[in-house]
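Subject: Structure handover

Hello,

Please find the structure below. My notes on it follow.

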Amino acid sequence: MAEQAFDLIVLGGGPGGYVAAIRAAQLGMKTACVEREHLGGICLNWGCIPTKALLRSSEINHLLHHLDEYGFAADNIRFDLGKVVKRSRAVAKQLASGVGHLLKKNKVTVFDGSGRLAGGQTLAVEKDGKPVATLKAPHIILATGARARQLPGLESDGKIVWTYKEAMVPPALPKSLLVIGSGAIGIEFASFFRNMGAEVTVVEVLDRVLPVEDEEISAFARKAFEKQGIRIVTSAAVKGIKRNADSAVVTVEAGGKAQEIAVDRVISAVGIVGNVEGIGLEGTGVKVDRTHVVIDEYCRTGEPGVYAIGDLCGPPWLAHKASHEGVVCVEKIAGLNDVHPIDWTNIPGCTYCRPQVASVGLTEAKAKAAGHAVKVGRFPFIGNGKAIAMGEPEGMVKTVFDAKTGELLGAHMVGAEVTEMIQGYAVARTLETTETDLMHTVFPHPTISETMHEAVLDAYGRAIHF
């Protein structure tokens, strides 16, 4: 089989891989992208996009049951779960097909198959055990992503114990379910199924839900979830599960006491494992730490000419982080002069539960641990006219500043539309904005974004509406 030569090869067509491939092509590189399953990766096909479609449906269901608050009435409210799932899958399919179009438009050569480093700047591609192509390039980007972590004894079976994939296409709405893990994935599914009417229990091994978020935001969110009827058990460990024909009994230990919780289904959302197997890392200088490839601030691995991006690498495990890494990596390879090293603290995180949660930068605790003297501002949604008018008064914004320099160290939000608003603070951090810049910025009225302004003002004792 003749070798095919490229300037750059990307292994993986997810939000990191396909973006890297397109950017490389834009910069004049002859580029190949190798994908074994779905262009668009987990994000477009089984993650970010279809879950947002599901959550939108569940929000509508919630609103329909609260129409009286807005002056409306409706009888016999019901939903067709099959149609809800079908719409979610159609949204995913539409975007995934769009990725293929974008790659073709940018003249990226796509190979359908699995790739493996074969030494000498070579990537061997095969499909179903049969050789497809031998590719050669001085630069190879690994973007193979990750998969759901399986806990011993709690492995998913596709029927009683679900991973995110099964939870996304339920054949019927379970009357009750238990979610193991309260990170973004676990909480989003807990929110979806609760809004659709299921009884939901969330079990978290740490002492609070959404443990990567600021403690105040985490506590606020927990109260909101419990008010909705979600049962939350923290500082807890799942000790075992008894699987019945169409249900399960889960043994949970918390505070030294064990309890048995009977549910129809269990969702395991306990993190991810990097897809490092079978890609030829053996004998290379690529270092793997706890299933994730170690990279520097330009996504270089320990093997010359080999790079890694996205969920294959360290946290945060987010699609937009993967895309950003892909662009930075390619532009550094191309020798562009204005390439900035990646600052992972400037990457915002979003959780699309109800209420939404979003953050960027350091939490108050991490800022103090890093040696900063801090000024902290807070502003509740109940003091915001637009939030009240929308019927969404439940929320808050918290800002953390360096007391000496005025640097915005972090921003943390919970409430309606905060996943859209957090980008304002992300831009502020990227521009190294100070409290003075934010105070002097005019925020439009009436908008929920005014809470962002007031939270800055509050940090310096200048809040107007609180």
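Two strands count as paired if DSSP finds at least two bridges between them. Helices (H or I, at least four residues) and strands (E, at least two) are DSSP runs, numbered from the N terminus. This is a predicted model, in which local features need pLDDT of at least 70 and side-chain atom pairs count only at pLDDT 80 or more, while totals for chains, interfaces and linings use all residues. Residues are numbered from 1 along each chain as its sequence is written, and side-chain values use heavy atoms, with hydrogens and water left out.

The sheet

Five strands form an open sheet in the order S22-S23-S26-S25-S24, with antiparallel pairing. Strand S22 (349-351) and strand S24 (374-380) are at the edges with a single partner strand each, so one side of each has no neighbour in the sheet. On average, neighbouring strands of this sheet are turned by 10° against each other, direction ignored. Axes here are lines fitted to C-alpha atoms, for helices over the stretch in contact, and angles run from 0 to 180 degrees between N-to-C directions.

Strand S23 (residues 357-361) and strand S26 (residues 408-414) run antiparallel and are joined by five bridges. Val357 has Val414 of S26 as its bridge partner.

Helix H7 (residues 215-227) lies across S23, S24, strand S25 (396-402) and S26, and runs at about 0° to S26. Helix H13 (residues 450-459) also packs on the sheet, touching S24, S25 and S26, with its direction at about 140° to that of S24. Contact means heavy atoms within 4.5 Å.

Two residues

Is His292 buried or exposed? His292, in strand S20 (residues 292-293), counts as buried because its relative accessibility is 8%. Buried means under 20% relative accessible area, exposed over 50%, and partly exposed in between (1.4 Å probe, protein chains only). Leaving out residues up to four places away in sequence, His292 touches several residues, among them Ile272, Asp311, Cys313 and Trp317.

Lys83 is in helix H4 (residues 81-105) and counts as exposed, at 59% relative accessibility. The C-alpha atoms of Lys83 and Tyr18 are separated by 30 Å, and the two residues are 65 apart along the chain.

Regards
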